[in-house]
Protein chains: 2
Amino acid sequence: MYGVQMSLKYAVLGALLEGEASGYDLAKIFDVSVSNFWAATPQQLYRELERLAADGLVEARVVAQDRRPNKRMFTLSAAGRQDLAAFTAKEPRPTAARDELLVKVQALDVGDADAVRGHIAERMDWARGKLARYERVRIHLLGGLSEEDFLRDSDRIGPYLTLMRGMSFEEENLRWARRALEILDRRAANRTVQLP
Amino acid sequence: MYGVQMSLKYAVLGALLEGEASGYDLAKIFDVSVSNFWAATPQQLYRELERLAADGLVEARVVAQDRRPNKRMFTLSAAGRQDLAAFTAKEPRPTAARDELLVKVQALDVGDADAVRGHIAERMDWARGKLARYERVRIHLLGGLSEEDFLRDSDRIGPYLTLMRGMSFEEENLRWARRALEILDRRAANRTVQLP
DNA sequence: CGCACCTATTCAACGAATTGACTACAAGGT
DNA sequence: ACCTTGTAGTCAATTCGTTGAATAGGTGCG
């Protein structure tokens, strides 16, 4: 039935902990937060929801709307919740990184260093944008509480912890990129001096 | 011929900038450094090398060994080097994250919080090990020079920049994990006090 | 008035990735 | 003699991921 690469399944079940959602809703939720640690396209989500429904891990109902296409809303079933809980106890497999920018950085010395410089600068813009969106999500999660109170009293801190991770990841991205640009610029300056 | 997801191709070509290597060698190189930004299994590498050779981007020669199976050694061809250089100029696609640990952290509140705590602690051990190995690679890359001298004078800084990224990524991992454990432990302590 | 974008999903096709099993031989230890 | 680990790969099956396109009405903008 399922391969070993089944985290998408649990990423979806985990997202449904927030409440009932359509495939379209999930696509948006993934876009703003889940994609930070598990990216998925809408097609993947629709397919996965189909399977989860077939396996009884989610319950589906069709909601007719006027002025809009029908939508199917999904909720976590008791079996789904149990499956998700059991999943948390199993060893996670190590992270598999996939960053095309770094493939380009690796080859920078035989390639177009200026273009790569540009890519790094764009990555910084992207990271700043992501951080701003994360900060909004954070405010929303806290719901008026201080971080300390929230983390002590809330009965649902998982999403906050993963959000913290997303934020510090992007901050780290920025730090690295700043340093890399500094290094590239210093070298570019040296080159122009040494080649009259 | 090729899809749009072609970074593995360039990760391999980039790794061959270091010199001639067999599929087996590449698997080891990926394991210690490249996998930090582009993970690949040996099977993927063998398949990719086959294709690269067919396309004339690498040159292959069979080396007969006694007491060992034959091996095929690959070198970057002029065409391969050009292709790699052209690749660096193109827009990189955004990073796609895949971290199963964070899927578990997200669902921690309905799952086995102690087990997840354990997974985070293991991730810290892993990160510390990775950092130690990176530090050895760093010393090797510097070849006796100070970082400043190396970054100013070397004609190949790409690998150093990606290594920096790998190191700061793991350091960030550690910082996040420490904070997460702190939070989980504080909550666990509160629970035992409040449930007599 | 028209055009582009948003909601909401489905389908088809293809390419990429993952897993497990299998082949061989060598070196080193118990 | 046996077992494990390391070298150096290949093959087949299946799952996963990606892209493009089709459907179909609604909303906002100039």
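Around DNA strand C stand 21 residues, and A:Y24, A:R72, B:Q44, B:R47 and B:R67 come nearest; a residue counts as near a strand if one of its heavy atoms lies within 4 Å of it. Please keep in mind that this is a predicted model, in which local features need pLDDT of at least 70, side-chain atom pairs count only at pLDDT 80 or more, and totals for chains, interfaces and linings use all residues. Residues are numbered from 1 along each chain as its sequence is written, chains are lettered from A and ligands numbered from 1 in the order in which they are written, and side-chain values use heavy atoms, with hydrogens and water left out.

**DNA strand C**

- Sugar or phosphate holds 71% of the atoms of DNA strand C that lie within 4 Å of the protein, and bases hold the rest.
- Polar contacts here are pairs of N or O atoms within 3.5 Å; within protein, one must be able to donate a hydrogen and the other to accept it, and residues adjacent in sequence count only if both atoms are side-chain atoms.
- A:Y24 places a polar side-chain atom 2.7 Å from a phosphate oxygen of DNA strand C.
- From chain B, a polar side-chain atom of B:Q44 lies 2.7 Å from a phosphate oxygen of this DNA strand, and one of B:R51 lies 3.1 Å from a phosphate oxygen.
- The elements that give two or more residues to this surface are helix 2 (23–32), helix 3 (42–54) and strand 3 of chain A, together with helix 3 (42–54) of chain B. Helices (H or I, at least four residues) and strands (E, at least two) are DSSP runs, numbered from the N terminus.
- Which element gives the most to the surface near DNA strand C? Helix 3 of chain B does, with four residues.
- Sorted by class, the surface near DNA strand C has five nonpolar, eight polar and eight charged residues. Ala, Val, Leu, Ile, Met, Phe, Trp, Tyr, Cys and Pro count as nonpolar, Asp, Glu, Lys and Arg as charged, and the others, Gly among them, as polar.

**DNA strand D**

- DNA strand D is surrounded by 25 residues, of which A:Q44, A:R67, B:Y24, B:Y46 and B:R98 are the closest. Of its atoms that come within 4 Å of the protein, sugar and phosphate account for 71%.
- B:R98 has a polar side-chain atom 2.8 Å from a phosphate oxygen of DNA strand D, while an N or O atom in the side chain of B:Q65 is 3.2 Å from a phosphate oxygen.
- The side chain of B:Y46 has an N or O atom 2.9 Å from a sugar or linking oxygen of DNA strand D.
- At least two residues of this surface come from each of helix 3 of chain A and helix 2 (23–32), helix 3 and strand 3 of chain B. Helix 3 of chain A gives the most, with four residues.
- The surface near DNA strand D has six nonpolar, ten polar and nine charged residues.

**How the two protein chains relate**

**The sheets**

- In chain A, three strands form an open sheet in the order 1-3-2 with antiparallel pairing. Its edge strands are strand 1 (21–22) and strand 2 (58–63), each pairing on one side only. Two strands pair if DSSP finds at least two bridges between them.
- Strand 2 and strand 3 (residues 71–76) of chain A pair over six bridges in the antiparallel sense, and A:F74 is the bridge partner of A:A60.
- Chain B also has an open sheet of three strands, with the order 1-3-2 and antiparallel pairing.
- Six bridges join strands 2 and 3 of chain B, where B:E59 stands opposite B:T75. Two bridges join strands 1 and 3 of chain B, with B:A21 opposite B:F74.

**Aromatic pairs**

- Over all chains, the structure holds five aromatic pairs. Rings of Phe, Tyr and Trp (its six-membered ring) pair if their centres lie within 6.5 Å; planes under 30 degrees apart count as stacked, over 60 as edge-to-face and the rest as tilted.
- B:Y10 and B:F87 are stacked, because their ring centres are 3.9 Å apart and their planes stand at 10 degrees.
- B:Y10 lies in helix 1 (residues 7–15) of chain B and B:F87 in helix 4 (residues 78–89) of chain B, so the pair ties together parts that are 77 residues apart in sequence.
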